[in-house]
Amino acid sequence: MAHITILNGPNLNLLGKRKPEVYGSDTLADIETSCRSLGSELGFDIRFEQSNHEGQLVDWIQQAREQSQAIIINPAAYTHTSIALYDALEAFDGPIIEVHLSNIHAREEWRHKSYVSPQASAIIAGCGAQGYLLALQRLSTLLS
Ligand code: DQA
């Protein structure tokens, strides 16, 4: 059974309450439930985490090197700032899928830059919570 790490960055713990017109009304717990449900259909064992702290995300990416065949990451605001996430992801061997609920390219110009994208096999933005499920489906293809 493939193991997938799904990581969520700062403020995503507020999903459902924070700007629902941009990020949708699903909570992070709703997203986790739907990822676990599709994940079990696809035969994935899932680790699902959220942190507001950059170093914690780096630690989980490093743990994924030992534990997981792939990473799905919504780095939230660290997308646009974090060389630490870039370096940590560079040291991971399997596929990495970057997910954003909103279309970052249709928003403020400073959101157009992603330090994570150069390390990603694929980028999904603007599909809301469904983006996580699309990422799992893509991994099902990539890991089969
Ligand atoms: C986000 C987009 C980021 O620009 C923002 O800082 C977030 C969420 C998204 O999922 O659309 O916190 O990653």
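What is the volume of the largest pocket? In this predicted model, the largest pocket has a volume of about 160 Å³, and the space that the ligand takes up is this pocket. The points below describe the lining of the pocket, then the residues around the ligand, and then the contacts of the ligand.

**The pocket lining**
- A set of 16 residues lines the largest pocket, and those that lie nearest its centre are Tyr-23, Ala-76, Ala-77, Arg-107 and Arg-111.
- Sorted by class, the lining of the largest pocket consists of 7 nonpolar, 6 polar and 3 charged residues.

**The shell around the ligand**
- Around the ligand are Arg-18, Tyr-23, Asn-74, Ala-76, Ala-77, His-80, His-100, Leu-101, Ser-102, Ile-104 and Arg-111.
- Divided by class, the residues of this shell comprise 5 nonpolar, 4 polar and 2 charged.

**Polar contacts and burial**
- In the side chain of Ser-102, an N or O atom lies 2.6 Å from an oxygen atom of the ligand.
- Asn-74 also takes part through its side chain, where a polar atom is 2.8 Å from an oxygen atom of the ligand, whereas Leu-101 has a polar backbone atom that is 2.8 Å from an oxygen atom of the ligand.
- The ligand exposes 320 Å² when taken alone, and the protein buries 99% of that.

Notes: Residues are numbered from 1 along each chain as its sequence is written. This is a predicted model: local features need pLDDT of at least 70, side-chain atom pairs count only at pLDDT 80 or more; totals for chains, interfaces and linings use all residues. Side-chain values use heavy atoms; hydrogens and water are left out. On a 1 Å grid over the protein atoms alone, a cavity is a set of points where a 1.4 Å probe fits but cannot get out, and a pocket is an open set with protein on both sides within 12 Å along at least five of seven lines; lining residues have an atom within 4 Å of a point. Grid points are joined across faces, edges and corners, and a volume is the space filled by probe spheres set on the points. Ala, Val, Leu, Ile, Met, Phe, Trp, Tyr, Cys and Pro count as nonpolar, Asp, Glu, Lys and Arg as charged, and the others, Gly among them, as polar. A residue is near a molecule or strand if one of its heavy atoms lies within 4 Å of it. A polar contact is a pair of N or O atoms within 3.5 Å; within protein, one must be able to donate a hydrogen and the other to accept it, and residues adjacent in sequence count only if both atoms are side-chain atoms. Accessible areas come from the Shrake-Rupley method with a 1.4 Å probe; for residues, only the protein chains shown count as cover. A molecule sits in a cavity or pocket if more than half of its atoms lie within 2 Å of its grid points.
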